[in-house]
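Me: I would like to go through this structure in questions and answers. Please keep to what can be computed from the coordinates.

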Amino acid sequence: MKERAMVVAMGLIALLLMLPLPLDAASDNSSADPHDAFIIVKFKPSVSSAKRQDVFRRHRLKAAGEIKQLGVHVMQVSDEDTREEVLDRLRAKEKDKLELMEIDGRCEPIAILNDPSISSQWHHTKINSALAWDHATGANLTVGIADTGVDASHPDLAAHMVPGWNFYDNTSDTSDVHGHGTKVAGTQAAIGNNALQVAGLAWDAKIMPLRVSDASGYAYYSTISNAITYAADRGAKTVNVSFGGVCQSSTIASAGNYMRNKNGWVVVGADNTGGDPGCASVPDLLFASATDSNDAKASFSSYGNHVDIAAPGVSILTTTRGGGTGSVSGTSFSSPVTAGVVTLIWSANPTLTSDQVEDILFRSAKDLGAAGWDPYFGWGRVDAGAAVALAKSTSGPTLDTTAPSAPTNLTASAPESTKVNLSWGASVDDVGVTGYQVFRGSALLGTTTATTYTDTTVTGSTTYSYTTKGYDAANNVSLASNVATVTTPQAPFSITSYAVTSKTSSTATITWTSNTPSTGAVWYGLTGRKGKTTTLSLSATDSISATTHTVVLSGLTRATSYSYQVRAQSSTGEIANSTTSTFKTTR
């Protein structure tokens, strides 16, 4: 026993003496822009209004806005806290009450300016726009441009402008403060057949300007989501979002679902990183990568599992702020090209559902790269002519009262303590199965269009039971499948929560829990400014083996931001590190 205790002690010493870890600089919330101190939360439906207000008071949160359609609250953190610090506390203390919580992330516009002397719109020829215009021009439809505003006096836009809203300043002034939005609007819907300048894809559609950015062109999750729900409630068929980082926001995904349920689509640029940002597919958003005039992926275009479709995005001639035209590149413009095609599909056949429009967009696209879907081009490069032809030959929805058959042979496996994989045989329907509902016990976990589903909300050493039901486009739901039961394996050693539970001008108390008894330490240091790095060179330890630990960091400077990381070791020598977070001492 003494030898074993010595081994454990040696392991702890090694843990505590590890070289300090470098940390990318974290920014504090002292920016002049109040959005940089915002977080987004959504409560579970069972949480009363009084309990919600209690949560806000406990964590010093001030209401900054609400997206009622999504049940989302935008909250400003106190000057005494960092956003990461508040989210840590919410995860540790309020997790049972919250359905969603994230920083109100900042999204950059994804345009790349190019030669302004290009005098032709090559992309219309490439995607057969003229063939589409023989049958559809976007007349009687409205498109939302969630961007930096739109120049409403531009001669190729002015006659088709309709009122929108400025969600950044909360005013009716939707003038373009940056220039990006006017370029995007012209790409999708510059007026055609008017002997002026250029033509957008849906050149007869009305343009609803939705300003979501600051003057430098950066937008936020909350402003983008607000714009989407606003446009959906006012009958817009598409909302274009040409900003990077959108695929990382659960709030924007929720707004996309709201728009889709209103029989519209949100179209997003895939980003301009030139690489794979590691985003998962987002079923309720259409992400467009960019192609050049040779149908090759543009070098700047991002790719990955989130990409649904491709469209021209290099040297696109469009409208510019001040009344002129210019050539631009970026997925900022492959996105409105795609949104324009989506608008033309609905213009050709207004009876179509959003699901049918998506199917037509994908089936009509020119397949590029690997056969079928691939992470560079999605389902292929858009073809406006083929899409409109397919839309005209597609029947709209008919009254359907027959439910699909029950899914068969549901099986469940648990390869990890935090994951259960489900698989089942497909339902059969007289019209077609739209998707499946997945239940754990009697609770609906979610929906999927596939015959597989992964539940990542489980814990180790626990038994769970599942069923699935199929449904069709008319929302006819089948009987339940057979019940599948599985027990998850024991969880590996991990830090399950951590938070700053109290603080003063010179101290901070940090509490963390682990899933098995452990010892550990908190490593910390001053938060670096932008462009610099922080070294976590100081530490406070707790050498008592337990599942809950509390340490006090002392000798801190008042009103100062610090970064910290918890590093723990189990009784059997396993090591776990938390992510690095921040906190700010009081004044």
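What follows is a set of questions on confidence, sheets, a helix and aromatic rings.

Me: What is the average pLDDT of the protein chain?
Reply: This is a predicted model, in which local features need pLDDT of at least 70 and side-chain atom pairs count only at pLDDT 80 or more, while totals for chains, interfaces and linings use all residues. Residues are numbered from 1 along each chain as its sequence is written, and side-chain values use heavy atoms, with hydrogens and water left out. The predictor's confidence in each residue, from 0 to 100, is its pLDDT; 91% of the residues score at least 70, and the protein chain averages 90.

Me: Over residues 1-31, how many contacts beyond near neighbours in sequence does the model have?
Reply: The pLDDT is below 50 in this stretch, and where pLDDT is low, the predicted coordinates should not be read in detail. Counting as a contact any heavy atoms within 4.5 Å, the number for residues 1-31 is 60.

Me: Is strand 23 (residues 463-472) largely enclosed or largely open, and how many of its residues are buried?
Reply: Strand 23 pairs in the antiparallel sense with strand 20 (residues 433-440) over seven bridges, and also with strand 24 (residues 484-487) over four bridges. Buried means under 20% relative accessible area, exposed over 50%, and partly exposed in between, with a 1.4 Å probe and protein chains only. Strand 23 is largely enclosed by the rest of the structure, because the number of buried residues among its 10 is seven.

Me: At what angle does helix 7 (residues 221-233) run to strand 10?
Reply: Helix 7 is mostly covered, with 11 of its 13 residues buried. Helix 7 lies across strand 8, strand 9, strand 10 (206-211), strand 12 and strand 13 (265-269). Axes are lines fitted to C-alpha atoms, for helices over the stretch in contact, and angles run from 0 to 180 degrees between N-to-C directions; the angle to strand 10 is about 150°.

Me: How far apart are the end C-alpha atoms of helix 7?
Reply: The expected span of a helix is 1.5 Å times one less than its number of residues. The 13 residues of helix 7 should therefore span 18 Å, which agrees with the distance between its end C-alpha atoms, 19 Å.

Me: What kind of aromatic pair do Phe 43 and Phe 56 form?
Reply: Rings of Phe, Tyr and Trp (its six-membered ring) pair if their centres lie within 6.5 Å, and planes under 30 degrees apart count as stacked, over 60 as edge-to-face and the rest as tilted. The structure holds nine aromatic pairs. With 5.6 Å centre to centre and 70° between the planes, the pair of Phe 43 and Phe 56 is edge-to-face.

Me: Does Trp 379 count as buried or partly exposed?
Reply: The ring centres of Phe 362 and Trp 379 are 6.1 Å apart and their planes are at 25°, so the pair is stacked. Phe 362 counts as buried at 14% relative accessibility, whereas Trp 379, at 39% relative accessibility, counts as partly exposed.

Key:
Helices (H or I, at least four residues) and strands (E, at least two) are DSSP runs, numbered from the N terminus. Two strands pair if DSSP finds at least two bridges between them.
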